[in-house]
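Please find below my notes on the model that we discussed.

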Amino acid sequence: MSERRIGVYICHCGGNISDYVDVEKVRAAVGDEPGVVVAKTAMFTCSDATQQEMVQDIQEQNLDGLVVASCSPKLHTFTFRGAAKRADLNPYQYTQVNIREQCSWTHTDDKAGATGKAIRLVRAGIAHTRLSTPLEPIVVETVPKALVIGGGIAGLRAALGLSDIGLAAVLVEKEPEIGGWVAGFEGMYPHAKGGRQLIASLWGEIQKRPDVTVFTNAEVIGKSGSFGNYQATIRVNSRPAETIPVEVGSIIVATGFDSYQPEADEYGYGMDGVVTLPEFKKMIDSSTGPLVYKGKPVKDIAYIYCVGSRQKPDLPNANRYCSRYCCNAAVHASLTVAAKGAKVHQYHLYRDMRTYGKYELLYKESREEGSLFLKFADDAPPAVTRDENSGKLSVTVADQLTVGTELTIPADLVVLVTGMVPRSNEELVKTLKLPVGKDRFFNEIHPKLRPVETVVDGVYICGACQGPKNSAESVASALAAVTQSAGILKKGFAELEPLVATVKPDQCAWCGKCQETCPYGAVEKVRLNDQDVAAINEAVCKGCGGCVPVCPRDAIDLQGYTDAQVKAMIDGLLKEIG
Amino acid sequence: MALLNPDLVDVVRQNNEFNASACMNCGVCSAVCPMGIELLPRKLFRYVLLGMEDQVKVNTETIYSCLLCKVCEVNCPAGVHIAENVRSLRHFINRQVFRL
């Protein structure tokens, strides 16, 4: 018999579980397991009413263990830990058993089998709980400093935001100059303020801040530690190269984007007069009067939209996404051209115009100013050739707005409205273990509710390294990353899961196998009573358990998943079902 | 295959108002036209904007079939001054086709 007093709650999940698993049968089967004092079923264990009932049972029946058999621990671990806490039960004496995703939903064709499996799973959960001990979160002090990677508009604004909120910032820029893409722009939409000036004003402000340190020509080449206490290594590519270690609490990645580079011959790219949007923007920015190309005034411009964006899936590494900034940027470019005085005919060949939000007004203005918009079908893209007689470029397109009439447009310049593509940052991805999405941009945890956090605690992403964004959106996400950093660093401490490895020093003879196998560098050799033994850095250990089986002397155990608990769970799983 | 002549619209505009830049080709105008003129105004305006002069001229009859009743104009979601544009087109035809 067991001394423990355990409460077991089995969920119907409104039918999600009980349509396939006979929950009453499960309750009856586990009710007399050693240590079980309360065994109940509930329509929804996560409901306020059932949680309240649990709290009441724990207090009235003096329970010292809790088992909830419902859905995945990903969904409700924190819900039921909270219920345990409210009843003054240590949250680590609660065990979640998954009888939905891993049982009822997977065995919809075998109700008896699903019920049997659920009984075994719940028994294992009870066995695990029987050997549970109270654990306290590991509290680590945090470093009130953040590392910002990338010195474009997002990174600069993030560094300034950190300083504003009272956190020090270390900014690392790969290039010799800060400012990124935006520093190379003159007038930008919607208010035509120059990018160069925007960067200059940010830079001017940063120079006044003693708590912001900037490294240019530098890269982050190493990261260890855990959130709140990262040790990062910066390499400054000077001669000779210099490596600088920094201690930071969080890391904000703002490495930006690359512009799509068309293939040779894609829409005539490579022909004289066929340029990409950034090349065209440079041309506009560097001309004071009317646009001139190779000594000749530019009279006709054809823009081809969606180059490198919304590509068909059959292309290798197709960019399936819309780059969303390019419609606005091209329309704005056409307005800038028109404002330069000389009469220029401008033709916009598009698939769909996506001048979303306030930028719709730019589109309207561009049409009123005289730009002509022609829509081509996805499967009938325009073709660019050179007219041998006139020497001009010639763009042919079937305009869907003119009943598909085939048109030939003479042009001095053809602008390929190119989108954003992810930067190749393989080294950084490896160093920070950054999650990369299908589109090869960096991935957030949740697109709506956790838009700048990554699965790596304390590592945030912002700006166009996450996906196409204009500068306003990049800055907004940069400030979101600042807020998230402040959320953990301003408290001064962080609470980590106590489910970490522990060493029994009297059994350890230091062979070093655990240190070799640890992927996080959490094992250290320490001297104890004139003996070398292993010690675990609790703040660094992730509780993966990799070190436990390699120890030849069974000197390591994992808190919350001890060998004894795992063995008891196996016994619980294998027990006969009567 | 038609070659674009972006200057045609300036000829039509001579002393007249012609503005169809807001037209998004939805077809409401054609749907509500009591004369059932399918061509006017959306396709014809497009020909003017693109400079397809021949297409405009061969449709002289159509341009004069319009009653200028403005049913299309009050229903136009883009607020194009359709009747005024048709007047400008007639002026253009008078000059260019009838040599008036």
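**Notes on the predicted model**

1. Helix H15 (residues 563-574) of chain A has 12 residues, which at 1.5 Å a residue should span 16 Å, and the 17 Å between its end C-alpha atoms agrees with this. The expected span is 1.5 Å times one less than the number of residues, and helices (H or I, at least four residues) and strands (E, at least two) are DSSP runs, numbered from the N terminus. This is a predicted model, in which local features need pLDDT of at least 70 and side-chain atom pairs count only at pLDDT 80 or more, while totals for chains, interfaces and linings use all residues. Residues are numbered from 1 along each chain as its sequence is written, and chains are lettered from A and ligands numbered from 1 in the order in which they are written.

2. The buried residues of H15(A) are Gln565(A), Met569(A) and Gly572(A), where buried means that 20 or more other C-beta atoms lie within 10 Å of the residue's own, exposed that 12 or fewer do, and partly exposed anything in between, with C-beta atoms placed from the backbone. These three cover an arc of only 60° around the axis, which puts them on the same side of H15(A); the arc is that of the directions from the helix axis to the C-beta atoms. The face turned away from that buried side carries the exposed residues Lys567(A), Ile570(A), Asp571(A) and Leu574(A). The buried residues of H15(A) pack against helix H5 (111-130) of chain A, a contact being a pair of residues whose C-beta atoms, placed from the backbone, lie within 7 Å.

3. Helix H8 (residues 277-286) of chain A has Leu277(A), Phe280(A) and Lys281(A) among its buried residues. They cover an arc of only 105° around the axis, which puts them on the same side of H8(A). The packing partners of the buried residues of H8(A) are strand S16 (274-276), helix H9 (326-338) and strand S25 (413-418) of chain A.

4. How many of the 12 residues of H6(A) are buried? The count is 11 of the 12, so this helix is largely enclosed by the rest of the structure. H6(A), residues 153-164, reaches 16 Å from its first C-alpha to its last, close to the 16 Å expected. Its buried residues include Ile153(A), Leu156(A), Arg157(A) and Ser163(A), and the elements that cover them include strand S6 (145-149), strand S7 (168-172), helix H7 (195-207) and helix H12 (471-489) of chain A. After H6(A) comes Gly166(A), whose phi is positive, near 95°.

5. S6(A), H6(A) and S7(A) make a right-handed β-α-β unit, right-handed meaning that, with the strands pointing away from the viewer, the path from the first strand over the helix to the second runs clockwise. S6(A) and S7(A) run parallel and are joined by five bridges, with Val148(A) standing opposite Leu171(A) in S7(A); two strands pair if DSSP finds at least two bridges between them. S7(A) also pairs with S10(A) in the parallel sense, over four bridges, and there the bridge partner of Val170(A) is Thr213(A). Both faces of S7(A) are covered, with Ala168(A), Val170(A) and Val172(A) buried on one side and Ala169(A) and Leu171(A) buried on the other.

6. Trp203(A) is found in helix H7 of chain A and, with 17 C-beta neighbours inside 10 Å, counts as partly exposed. Not counting residues up to four places away in sequence, Trp203(A) touches Leu156(A) and Ile178(A).

7. An open sheet of four strands in chain A has the order S2-S1-S3-S4, with parallel pairing. The edge strands, S2 (36-42) and S4 (94-98) of chain A, each pair on one side only. Six bridges join strand S1 (residues 6-11) of chain A to S2(A), and Ile6(A) stands opposite Val36(A) in S2(A).

8. Chains A and B are in contact through 12 residues of chain B and 12 residues of chain A. On the side of chain B that touches chain A, strand S1 (2-3) and helix H3 (42-50) of chain B each supply at least two residues, and the largest share, four residues, comes from H3(B).

Key: Two residues are in contact if their C-beta atoms, placed from the backbone, lie within 7 Å.
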